[in-house]
Amino acid sequence: LRRFNKELRERLFTDENGEEVIFALYGQPDWVVVMPVTPDGLVVVLKDFYQGVNKIITTLPGGNIEENEGILQTAERELMEETGFKAGSIIELGCSISISPRNSWTKYYCCLALNCQRPTEENGDSGNAEISLVPIKDWISMVHANIEDSCAVIATLRALPFLELLM
């Protein structure tokens, strides 16, 4: 079954007792999540509707890695597309992360975008998403208390050593 760039597959595995078991696995193209920070220490965040949880949540920009595109190029493109911001520099934050190693082949990458500025007053093509600027310390508090998107939480966690230099 394949819809909206997502796929469901059945795969036959042999367990430790030699028994064959069919598992349902799901996946989609790998993606990048970007934690954008402005020169004055504000994190660029999005509020948008997410179908999986059927509500509006606060998160970071990101999107699928296109064919023949690298992680940093995806981060740069998605940041501009979703927010209208351009990064002065982008840092890849560690290795890929499996979204659910038992159930999915999909992985994502975290990036920190520094010195982000909006070249024009126009937003990117964020659709219905609301763009906000949140002070780094407030964003970290939000991540600890009420950010539901695990990608945003992990990207923030991986960015902390760099963010400490900015606070």
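Q: What is the relative accessible area of Lys55?
A: Lys55 comes in at 35%, so it counts as partly exposed. Buried means under 20% relative accessible area, exposed means over 50%, and partly exposed lies in between, with a 1.4 Å probe and protein chains only. This is a predicted model: local features need pLDDT of at least 70, side-chain atom pairs count only at pLDDT 80 or more, and totals for chains, interfaces and linings use all residues. Residues are numbered from 1 along each chain as its sequence is written, and side-chain values use heavy atoms, with hydrogens and water left out.

Q: OK, which residue forms a salt bridge with Lys55?
A: Glu148 does, with the closest N and O atoms 3.1 Å apart. A salt bridge here is a side-chain nitrogen of Lys or Arg within 4 Å of a carboxyl oxygen of Asp or Glu.

Q: How many salt bridges does the structure hold?
A: Eight. One of them joins Arg77 and Glu66, with the closest N and O atoms 3.8 Å apart.

Q: Where are Arg77 and Glu66?
A: Arg77 is in helix H1 (residues 71-83), and Glu66 is in the loop between strand S7 (62-64) and H1. That pair ties together parts eleven residues apart in sequence. Glu66 is partly exposed at 44%.

Q: Which residues are linked in a network of salt bridges?
A: Glu66, Glu69, Arg77, Glu78 and Glu81.

Q: New topic. How many aromatic pairs are there?
A: Two. In one, the rings of Phe13 and Phe23 have centres 5.6 Å apart and planes at 85°, so the pair is edge-to-face. Rings of Phe, Tyr and Trp (its six-membered ring) pair if their centres lie within 6.5 Å; planes under 30 degrees apart count as stacked, over 60 as edge-to-face and the rest as tilted.

Q: Which strands hold Phe13 and Phe23?
A: Phe13 is in strand S2 (residues 6-14) and Phe23 in strand S3 (residues 20-27). Phe13 is partly exposed, with 34% relative accessibility. Phe23 is also at 34% and partly exposed.

Q: How are the rings of Trp31 and Tyr108 arranged?
A: Their planes are at 10° and their centres 5.3 Å apart, so Trp31 and Tyr108 are stacked. Trp31 is in strand S4 (residues 31-36) and Tyr108 in strand S10, so the pair ties together parts 77 residues apart in sequence.

Q: Trp31 and Tyr108: buried or exposed?
A: Trp31 is buried, and so is Tyr108.

Q: What sits over the ring of Trp105?
A: The charged end of Arg9, 3.8 Å from the ring centre. That means NZ of Lys or CZ of Arg within 6 Å of the ring centre and within 35 degrees of the ring normal.

Q: Back to the loop between H2 and H3. What does Asp149 touch?
A: Asp149 lies in that loop, between H2 and H3. Leaving out residues up to four places away in sequence, Asp149 touches Ile57, Thr58 and Thr59. Contact means heavy atoms within 4.5 Å. Asp149 counts as buried, at 16% relative accessibility.

Q: Last one. How many helices and strands are in the protein chain?
A: Three helices and eleven strands. Of its 167 residues, 40% count as buried.

Key:
Helices (H or I, at least four residues) and strands (E, at least two) are DSSP runs, numbered from the N terminus.
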